[in-house]
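Thanks for coming. I will go through one structure, starting from a residue and moving on to a sheet.

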Amino acid sequence: MIRTTMWLKDHAGMNATLQRLIGTLAAVGFLASVAVHISALAGIDVATTFPATWALHAGIFAVFVPFILAVRKEYGGRVTLTNASKDLPPWVVAFGAALFAYAVVNFGISIIQTGGGNAVQQGAQYVLKVHGAVVRTLTLAEYSALKATEVRLFSGHWMVFYFIPAAYFLFHRPNVPAAGSNW
């Protein structure tokens, strides 16, 4: 059986309610990022149809900053993934590592697919720009595909930056020995 918030107590100067709130917000952000990412993988440019998608970019700060502060307080100023993950269930660490590896691969593939540039509309024309210079003209289909790829690039990172504080605030169990764990 997986236990999450039953064990929460004050640690790192945060009460259990605040931890649950931040962890839940991070989990919601993670799930929204996954939905955006899956849509982008399907070639759907979610950000054009629903511009509020970009709020996920800013929302990371609402959950990641408290995570950094909590880890700094708990581990004496050193914020490392080793410190942040040492009191997490092994399956959470494994999922986080796989997610991080996926984000790195996704980033590389996205950069290759976009040619390091971004698709923009100039008047009635769609173009690919790299460092402000027009590289080539795009069809509407190419433009839409590249815009979806740009969203996929960002959402791949959003998933990581939402997952880390969600894992910490919802599954972190300080000072619990691994033997006999109910994880």
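Helices here are DSSP runs of H or I with at least four residues, strands are runs of E with at least two, and both are numbered from the N terminus. The model is predicted, so local features need pLDDT of at least 70 and side-chain atom pairs pLDDT 80 or more, while totals for chains, interfaces and linings use all residues. Residues are numbered from 1 along each chain as its sequence is written, and side-chain values use heavy atoms, without hydrogens and water.

Take Thr114, which sits in helix α5, residues 90-114. Is Thr114 buried or exposed? Thr114 counts as buried, because its relative accessibility is 5%; the cut-offs are under 20% for buried and over 50% for exposed, partly exposed in between, with a 1.4 Å probe and protein chains only. Leaving out residues up to four places away in sequence, Thr114 touches Leu128, Leu146, Thr149 and Glu150, where contact means heavy atoms within 4.5 Å.

Now the sheet. It is open, with 3 strands in the order β1-β2-β3 and antiparallel pairing; two strands pair if DSSP finds at least two bridges between them. β1 (118-122) and β3 (133-138) each have a single partner strand, so one side of each has no neighbour in the sheet. β1 and β2, residues 125-130, are joined by 5 bridges. Val120 has Val127 in β2 as its bridge partner. Helix α6, residues 140-171, packs on the sheet and touches β1, β2 and β3. The direction of α6 makes about 135° with that of β1, using lines fitted to C-alpha atoms, for helices over the stretch in contact, and angles from 0 to 180 degrees between N-to-C directions.
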